[in-house]
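Try each task before you read its solution.

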Amino acid sequence: MMNKYLKISNEIKDAISNHMPVVALESTIISHGMPYPENVETAKEVERIIRDNGAIPATIAIIKGEIIIGIDEQQMDYLAKNDIKKASRMDLPYIISKKYSASTTVAATMICAQMAGIKVFVTGGIGGVHRGAEESFDISADLQELAKSDMVVVCAGAKAILDLEKTMEYLETFGVLVLGYQTDYLPAFYSQESSIKLLYRADSAEEIVEVIRCKAELGMTGSILVTNPIPSEFSVPIEEMDLIIQQAIAKANEAQIKGKRLTPFLLDAIQKMTNKDSLHANIALIKNNARLGAEIAYYNSKK
Ligand code: PSU
Ligand code: MN
């Protein structure tokens, strides 16, 4: 769905029209997911990994009311250093009409990537059903968007700041296929696995692409969520992370943090409590996802 707000870099435009592999990347991880300078260093490194693995990276953000597909280094720097708005689905029309700038969440990135015709999207962790959602009703718009969009999204599972069981139930209800990449258990971001058994696994990028193709042949839309475990050398036992996460949630409750501020608040609190260990884990897992995403995009582009 091309529209006048969409600005696609020439390289990406060419790649899309020639059916070459392209991988979309979100920008909220830059503005709200990691501290400076690791945020911008990681964003650049992830793009490099995608190139090294034969695909073209497309980091997406809203800059002065334009949807930029493939932000440049200067724009990346801007998002990394400033106090930036965080745009999910509901925010896009307002932010764009006001000509504001914003980073895009997983939900908003899927919307923009799809406008540009990109099929594969790499992120660190998706948003989900927050712990205590039975009271707060706090469920990330990422989940609805996975159901609505038509992409393959590679992540390292969901962070245990969320209620993973409820998140999985929600995805099942809305028909989102969750695949474990070389794993039978749902990865939990910092931890290679949670205790949640997955129904389906795939052991190679080719196998994932076969499922994508079959879905298209069936005329079905909806995204496929590929969950890729963090490399073992960076994995933290889930019980260890859980104690830290509980403390972070207690801090958020005390400070009455709600709505779109909650996820960034929790991510920041966890990073501070674990020194840079959790940050290094976060960096390692997103790079790992970039490798797999590029490979999926590569096979998906072969007809
Ligand atoms: N989880 C992470 N790191 C992140 C995010 C989630 O481990 O950076 C970001 C993503 O951009 C995700 C967003 O789409 O937070 C979800 O925010 P919310 O819960 O407000 O929907
Ligand atoms: Mn929320």
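## Exercise 1: a charged patch

Glu206 lies in helix 10; helices (H or I, at least four residues) and strands (E, at least two) are DSSP runs, numbered from the N terminus. Before you start, note that this is a predicted model, where local features need pLDDT of at least 70, side-chain atom pairs count only at pLDDT 80 or more, and totals for chains, interfaces and linings use all residues. Residues are numbered from 1 along each chain as its sequence is written, chains are lettered from A and ligands numbered from 1 in the order in which they are written, and side-chain values use heavy atoms, with hydrogens and water left out.

**Task.** Find which residues gather with Glu206 in a patch of negative charge on the surface.

**Solution.** 
- Step 1: begin with the exposure of Glu206, which is partly exposed at a relative accessible area of 38%. Buried means under 20% relative accessible area, exposed over 50%, and partly exposed in between (1.4 Å probe, protein chains only). The areas come from the Shrake-Rupley method with a 1.4 Å probe, and for residues only the protein chains shown count as cover.
- Step 2: apply the patch rule, which takes residues with over 30% relative accessible area and no salt bridge, joining like charges within 9 Å and nonpolar side chains (Val, Leu, Ile, Met, Phe, Trp, Tyr) within 5 Å. Lys and Arg count as positive and Asp and Glu as negative, while His and the chain ends are not counted. The place of a charge is NZ of Lys, CZ of Arg, CG of Asp or CD of Glu.
- Step 3: the patch consists of Glu206, Glu207, Glu210 and Glu295. Helix 10 (residues 205-217) gives the most to it, with three residues.

## Exercise 2: a strand and its neighbours

**Task.** Work out which way the side chains of strand 8 (residues 152-155) point, and which residue in strand 11 is the bridge partner of Cys155.

**Solution.** 
- Step 1: recall that side chains in a regular strand alternate between the two faces of the sheet.
- Step 2: Val152 and Val154 point one way, Val153 and Cys155 the other, and all are buried.
- Step 3: strand 7 (residues 120-122) runs parallel to strand 8, joined by three bridges; two strands pair if DSSP finds at least two bridges between them. Here Phe121 has Val153 as its bridge partner.
- Step 4: strand 11 (residues 224-227) is also parallel to strand 8, with four bridges. The partner of Cys155 there is Thr227.

## Exercise 3: salt bridges across the sequence

**Solution.** 
- Step 1: a salt bridge is a side-chain nitrogen of Lys or Arg within 4 Å of a carboxyl oxygen of Asp or Glu. The structure holds 17 of them.
- Step 2: in the Glu38 and Lys276 pair, the closest N and O atoms are 2.6 Å apart.
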